[in-house]
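Let's take a walk through a protein and see which side chains meet which. Keep the structure open while you read, and look up each residue as it comes along.

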Amino acid sequence: MKTKAIFYSIFIFVCCMCVIQTTARGKDPHSSAMKYGEKVTYDTYFKWGLIMPRAGDAVFSYDKDQSVNKVSSRYRMQFKTVKFFDSFFKMRDTLSTYYNDHNELVYSLKCTDEGGYYSVDKLTFTPGEEHTKIHSLRYTPSRIRIDTVLTVAGDVTDLLGAIYYLRGLDRMKLQRGNTYPLTVAIGRDLVKIQFTYQNQSIVERGNAKYNTRHFVIDIYDEAFESTKTSAEVWMGDDDNFLPIKVRSKLKIGYAEVYYRESSGLAHPLTCRIEVKH
């Protein structure tokens, strides 16, 4: 992954993970973690030494979508950098993942807007009995940069779909050491990741405390300092199973993402256990 893809990987494992436990191969879509109208906002930070500035805001939403043939639902992330980062790395990017009535991944769209650079990535998923074919297309206003077909066996998804997968797990059945491997399609690449459940944990953020479930994430990609425990995510221990905190060690430092606020949740945010006044 290139530098900008690092941002997406962090948001993925940090911001909202999944409505339904489903990938291109059509897992059983049994989950009530989300409902149409949910909106969740996260603060993103990057740390170099003792300096840890806020890098941007990521907003995740889930809604019904009938604008495209065979599409029923849309899961979307919109990211923008704060003013400080705008001066040298401005980003106004959107990722959207689309599912059909059977909760099967149909396609995803990533619109990258970084000041003087604009591109669109589209992934179209065609599942088969043994393999999933993915048509990957990337283009700019001037030319097509990627136009290829990827083939992969097993569970495969796009970036946002990886979040869907984790959030769709049954947290009451988690046992320490449980592993969940996935393949994520990005451009010409198929990136291997693996979630491993650790334990229950309390996360403190500002004046609030949260009961969480702690996972480590192995990401097999050169952008990260190591493949083992490339990132960690703390999921809120209630029926929403929202990411509360994500932390990742990168070659350029650390990235951290924190839950800020939400609306339209399917369930009360009971993982928030204490607020000091």
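Start with R74 and D63: their side chains meet in a salt bridge, with N and O 3.1 Å apart. R74 lies in strand β3 (residues 73-81) and D63 in strand β2, so this pair ties together parts that are 11 residues apart in sequence. Keep in mind that this is a predicted model. The chain has 277 residues, and buried ones make up 55% of them.

**The overall picture**

- The protein has three helices and 16 strands.
- Take the contacts in the protein with a separation of 6 or more: residues 24 or more positions apart account for 53% of them.

**More on charged pairs**

- Side chains of opposite charge can pair when their charged atoms come close.
- How many salt bridges does the count come to? The count is 13 salt bridges.
- R74 has another partner besides D63: the side chain of R74 also meets D65 in a salt bridge, at 3.7 Å from N to O.
- Is R74 buried or exposed? R74 has a relative accessible area of 16%, so it is buried, since the cut-off for buried is under 20%.
- D65 is buried as well, because its relative accessible area is 7%.

**D57 and its surroundings**

- You'll find D57 in strand β2, and its relative accessible area of 13% makes it buried.
- Which residue forms a salt bridge with D57 at 2.6 Å? That partner is R260, and the 2.6 Å is the distance between the closest N and O atoms.
- Why does the pair tie together parts of the chain? D57 is in strand β2 (residues 54-64) while R260 is in strand β15 (residues 253-263), so the pair bridges parts that are 203 residues apart in sequence.
- The side chains of D57 and R54 are joined by a polar contact of 2.3 Å.
- Setting aside neighbours within four places in sequence, D57 is in contact with Y42, D43, Q78, F79, K80 and R260.

**The nonpolar cores**

- In soluble globular proteins, nonpolar side chains tend to be buried together.
- Here, the largest nonpolar core has 44 residues. Which residues have the most contacts inside this core? They are I193, F195 and F215.
- There is also a second, separate core of nine residues, and among its members are L105, L123, L150 and V156.

**Aromatic rings**

- A pair of aromatic rings is described by the distance of the centres and the angle of the planes.
- The count of aromatic pairs comes to 11.
- Take F215 and F241: their ring centres are 6.4 Å apart and their planes are at 70 degrees, so this pair is edge-to-face.
- The F215 and F241 pair links distant parts of the chain, 26 residues apart. F215 is in strand β12 (residues 208-219), and F241 is in the loop between β13 (231-236) and β14 (243-250).
- F215 counts as buried because its relative accessibility is 0%, and F241 counts as buried at 2%.
- Seven names to look for together are Y36, Y42, F60, Y62, Y75, Y210 and Y259, which form one aromatic cluster.

**Charges over rings**

- Where does the charged end of K122 sit? The charged end of K122 sits over the ring of Y107, 5.0 Å from the ring's centre.
- R205 lies over the face of Y258, and here the distance to the ring centre is 4.0 Å.

**A stop at a glycine**

- G177 is in the loop between α3 (159-167) and β10 (179-186).
- With 43% relative accessibility, G177 counts as partly exposed.
- Which residues does G177 touch, not counting residues up to four places away in sequence? G177 touches T196 and Y197.
- The C-alpha atoms of G177 and T196 are separated by 5.9 Å, and the two residues are 19 residues apart along the chain.

Note on methods. Residues numbered from 1 in each chain as written. Predicted model: local features only at pLDDT ≥ 70, side-chain atom pairs only at ≥ 80, totals over all residues. Heavy atoms only, no water. Core = buried A, V, L, I, M, F, W, Y, C linked by side-chain atoms within 4.5 Å. Buried < 20%, exposed > 50% of the residue type's maximum accessible area, 1.4 Å probe, protein only. Phe/Tyr/Trp six-rings, centres within 6.5 Å; stacked < 30°, edge-to-face > 60°. Helix = DSSP H or I, 4+ residues; strand = E, 2+ residues; numbered from the N terminus. Lys NZ or Arg CZ within 6 Å of the ring centre and 35° of its normal. Salt bridge = Lys/Arg side-chain N within 4 Å of Asp/Glu carboxyl O. Polar contact = N/O pair within 3.5 Å; in protein donor to acceptor, adjacent residues only side chain to side chain. Contact = heavy atoms within 4.5 Å.
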